[in-house]
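The sequence and structure are shown first.

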Amino acid sequence: MQWTDAQKKTIETRERNILVSAAAGSGKTAVLIERIRSLVLEDKIDIDRFLITTFTNAASAEMKARLEKSIREQMEKPGADRQFLKRQLSLMPRASISTFHTFALEVMRRYFYVTDLEPGFRIGDDTAVSIMKNESVDKLFDMRFSDDYDRFSAFLRNYSSDRSENRIKQNIIALYDEMRSIPHYMTWAKESTEKLGSDSPSAALKLDEFVVKETAHQLKKAAELYAKAADVLEEAGIEGLFEKAQADAQLIADMISGDGERDMSVLSPAERISIFGRFLNSVKFNQMRAAKDQKDDYAVVKDHVASLRKNGKKILDDLRKKYYQRSLGEYDEELKLLYDDTRYLTGLIEDFEHIFKQKKADKNIVDFDDVMHYAIDILSDDLVAAEYRDRFRYIFIDEFQDSNMLQETIIGRIIGKDNLFMVGDVKQSIYRF
């Protein structure tokens, strides 16, 4: 296969972490496999010194097959180190080429004795686990009605939308499932809940920083649309309207870095939100009316220009409606009102988990998500993590854009210095092709 210069550099670079960003069909997985092949065949690194993760079991099987085929082809070449290559083929069955979940399960099975698990635990099937969740939430409700009737009834009146409470039961399960995509999720939930009771919940939860980043991102998109409209007018030779359209685009672009008087980068999120709010609630743009002698030329591009500016204006309108209809202080007061009920809900979810975990323990099973969380807890032990760091000379992650916080936490425990290689369809990378 003929590699581009960027692909070749990616394959051959050593002693640094690499993130490859490429669109589907661009050959990024082929580059990953070629890099592994070169490390094995040229650098003489045993295949069991690699951790290679993929998104699906089918992708893992295909990658293993392609590597094995490459090794066998190398054996047929004159001067091949057949003894080394035979060893690679013998090591292939135990090579760590799998999904993240399979690797986490291997960690869990190997070190189950440092957890609260009993020997011989198994993974529960989805149907059985779902039944246990429903039984657990039913038991939770029975307990709360018995032990905390007044507060629990008041909570249900506020948030239950049907007389049987089925919807809120399913919401508790759904929230629990969603939370489990976060490492140490109950600690996170409790800490986040307490921030609702602070003087400025939006700042404590970093919501203000999110709004600032999202606003800047959307302003950039709107500015680009207004700039494209100006380009169309310039190409059509409509100088007067081009200057007006360009001024509108610049007006939006300037808001990202400053309001004409102050550098936005030195302001607090609250100050930036205040400036953005004033802009979005008062901004007015030029009218696109062509002079007499340019009306015919403008008629040719008018619809295109209007469409671009309309789409840009919609971005600004949506942004204003979503975040800037009230002041930050008003939003903070609203968030504070959620504190008591959110704290109560967090307690419900925690009690649900205790019941659910006991049901699983009684049957010595774990669910799919448990595997990742147990692996994170096990790898929190420095000695265990060090063993995996010594074991894996290189770590490869295919389809990195599909990784979540749990997977990133696991990798963070076991990576060494400059030994991580990731490929995926992401926006930032070291090499692009």
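The expected span of a helix is 1.5 Å times one less than its number of residues. Helix 11 covers residues 207–235, 29 residues in total, and should therefore span 42 Å; its end C-alpha atoms lie 42 Å apart, in agreement with that value. After helix 11 comes Gly-237, which has a positive phi near 75°.

The model is a predicted one. Its mean pLDDT over the chain is 91, and 96% of the residues reach at least 70. Residues 428–433 stay under 50 in pLDDT, and for this stretch the model has 31 contacts beyond four places in sequence.

**Cavities**

Rolling a probe the size of a water molecule over the atoms shows where empty space is left. How many cavities of 30 Å³ or more does the structure hold? There are 2. The table sets out the volume and the lining classes of each.

| Cavity | Volume | Lining by class |
|---|---|---|
| Largest cavity | about 40 Å³ | 6 nonpolar, 1 polar and 1 charged residues |
| Second largest cavity | about 30 Å³ | 4 nonpolar, 1 polar and 3 charged residues |

The lining of the largest cavity consists of Ile-36, Arg-37, Val-40, Leu-41, Ile-47, Leu-67, Ser-70 and Ile-71. Two elements, helix 2 (28–41) and helix 3 (57–75), each give at least two residues to this lining. Helix 2 supplies the largest share, 4 residues.

Around the second largest cavity are Arg-16, Arg-35, Tyr-394, Phe-396, Asp-418, Asn-419, Leu-420 and Phe-421. Here the elements that contribute two or more residues are strand 6 (394–397) and strand 7 (420–424).

**Aromatic pairs**

A pair of aromatic rings is described by the distance of the centres and the angle of the planes. Across the whole structure, 23 aromatic pairs are found. In one of them, the ring centres of Phe-141 and Phe-145 are 6.5 Å apart and the ring planes stand at 70°; planes over 60 degrees apart count as edge-to-face, so this pair is edge-to-face. Where in the chain do Phe-141 and Phe-145 lie? Both belong to helix 6 (residues 126–147), and they are 4 residues apart, which is about one turn of the helix.

Key:
Residues numbered from 1 in each chain as written. Predicted model: local features only at pLDDT ≥ 70, side-chain atom pairs only at ≥ 80, totals over all residues. Heavy atoms only, no water. 1 Å grid on protein atoms, 1.4 Å probe; cavity = no way out; pocket = protein on both sides within 12 Å on 5 of 7 lines; lining within 4 Å. Points joined across faces, edges and corners; volume = space filled by probe spheres on them. Nonpolar A, V, L, I, M, F, W, Y, C, P; charged D, E, K, R; others polar. pLDDT = per-residue confidence, 0-100. Contact = heavy atoms within 4.5 Å. Phe/Tyr/Trp six-rings, centres within 6.5 Å; stacked < 30°, edge-to-face > 60°.
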